[in-house]
Amino acid sequence: MSFRIRLSWNRHKVFRALGFFPVAFTLGLMLWSAFTYAQSVIPLIGRSSMLLAGLCGTLTTVLWALTMWSYAICVFLGPGAPAGLAAPADGHYTRVSTVNGTSRSESHDGDSQHYADGNDSEYSDDEGPLTEEQVRRAELVYSITVRDNGQPRFCLKCNGPKPDRTHHCSVCGSCVLKMDHHCPWLNNCVGFRTQKAFVLFLAYGWLYCVLIFVPSVAFFFWEIAELSDDTEISINFIFLLIMSCVFALALLMFAAYHVYLLLTNTTTIESYEKNNYRVEARQRGTRAKYVNLFDMGPRKNFIQVFGSSWFMWLVPTNTAMGDGMRFPISFEGYNELRQNID
């Protein structure tokens, strides 16, 4: 008698399962840092001033809690997936490519089409021509952006329309609304519902590291100056000093970059793969420079992600405006594109 064993596996589930190792490492690092700070740094500060030690301990605890809260939301909250349908736009449209600041026009079935002069990337929508049924389904969801070949955006993997700024994540195995990137340290995507929490996680994490490093390094040198026979500096203390410095510098760069993306209403994907827009055209155009139609100005861009209630800005819950499928566009940028093709 022979037995046949069939081994089947879902690579997305495997990747997600393996992705919890970086999450476990991050959680362990946060717990270790809090324990070491309370055991080694706070007593040193207390030798100089109990009031200062209490203040540093309280601030550090608050920042640790806010960092962990933001991190938990980024890990366990879904970034948002396409759902629901929107009415298609009326009128005839022309695709305007704005990749690398140039475009070239081609005529197809009497319509003016502008195609990109750029290379495909991991998140490119150029996956071959769509069938008539797929085009019909894709046009049920209104979108100002189109695929590289001028057709409506449609995910062949999920077999569904792609709203504006939506991309398919090969690790999660699904489309993500306003996808920024897939973060292995979160084992999740940063998207429409988690962008605010991710920015706050970077900001709170940076402040937490700074608040650990500054008093630690100050009292470290104070201990060196006052070195005596009963003075002991633990390995954990030295390691905490080094790690807080390294992570403070790294988080500062990440936080600054994502604040810039936030204020310009750009995602990480869009920063290196420009959108292709469709614009109502009267005549064929020849060239068009890159314009980000989603950039509404720093203040409106910030409110679009953090919400209009200022007292919720520091809370890492989702307060983003809209549904993640349709976004307001800049009429100045839209008119600028039209002028290039009229």
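Ile-45 touches Tyr-37, Leu-52, Ala-53, Cys-56, Pro-215 and Phe-219, leaving out residues up to four places away in sequence; contact here means heavy atoms within 4.5 Å. Before going on, note that this is a predicted model, in which local features need pLDDT of at least 70, side-chain atom pairs count only at pLDDT 80 or more, and totals for chains, interfaces and linings use all residues. Residues are numbered from 1 along each chain as its sequence is written, and side-chain values use heavy atoms, with hydrogens and water left out.

Cys-56 is buried, with a relative accessible area of 11%. The words used for accessibility are buried for under 20% relative accessible area, exposed for over 50% and partly exposed in between, with a 1.4 Å probe and protein chains only. Not counting residues up to four places away in sequence, Cys-56 touches Tyr-37, Ile-45 and Leu-211.

Now step back to the core. The largest nonpolar core has 24 residues, and Tyr-37, Val-41, Ile-45 and Phe-306 touch the most other members. A nonpolar core is a set of buried Ala, Val, Leu, Ile, Met, Phe, Trp, Tyr and Cys residues joined through side-chain atoms within 4.5 Å. Two or more residues of this core come from each of α2, α3 (50–76), α5 (195–225), α6 and α8 (298–306), and α5 gives the largest share, 8 residues. A second, separate core of 16 residues includes Ile-73, Val-75, Ala-197 and Ala-248. In soluble globular proteins, nonpolar side chains tend to be buried together.

How do the helices meet? Take α2 and α3, whose axes come within 10 Å and cross at roughly 175°. Axes are lines fitted to C-alpha atoms, for helices over the stretch in contact, and angles run from 0 to 180 degrees between N-to-C directions. The crossing angle makes α2 roughly antiparallel to α3; angles under 35 degrees count as roughly parallel, over 145 as roughly antiparallel, 65 to 115 as roughly perpendicular and the rest as oblique. Among the residues that make this contact are Tyr-37, Ile-42 and Ile-45 of α2, and Leu-52, Ala-53 and Cys-56 of α3. The contact of α2 with α3 divides into 17 nonpolar, 5 polar and no charged residues. In this grouping, Ala, Val, Leu, Ile, Met, Phe, Trp, Tyr, Cys and Pro count as nonpolar, Asp, Glu, Lys and Arg as charged, and the others, Gly among them, as polar.

Helix α2 (residues 20–48) also meets helix α6 (residues 235–263), with axes that come within 10 Å and cross at roughly 120°. The two helices are therefore oblique to each other. Their contact includes Trp-32, Tyr-37, Val-41 and Leu-44 of α2, together with Phe-237, Leu-240, Met-243 and Phe-247 of α6. Here the residues divide into 10 nonpolar, 4 polar and no charged.

Helix α8 has Asn-301, Ile-303, Gln-304, Val-305 and Phe-306 as its buried residues. Just after α8, Gly-307 takes a positive phi of about 90°.

The loops are worth a visit too. Asn-187, in the loop between β8 (181–183) and β9 (188–190), has a phi near 55°, a positive value in a residue other than glycine. Asn-265, in the loop between α6 and α7 (268–272), likewise has a positive phi near 55°. Most residues other than glycine have a negative phi, and most peptide bonds are trans. Asn-187 is buried at a relative accessible area of 4%, and Asn-265 is buried at 4%.

Thr-166 sits in the loop between β5 (160–161) and β6 (167–169) and counts as buried, at 0% relative accessibility. Leaving aside neighbours within four places in sequence, Thr-166 is in contact with Pro-82, Arg-153, Cys-175, Val-176, Leu-177 and Lys-178.

Finally, the whole chain. There are 9 helices and 10 strands, and 46% of the 342 residues count as buried. Among contacts between residues at least 6 apart in sequence, 67% join residues at least 24 apart.

Key:
Helices (H or I, at least four residues) and strands (E, at least two) are DSSP runs, numbered from the N terminus.
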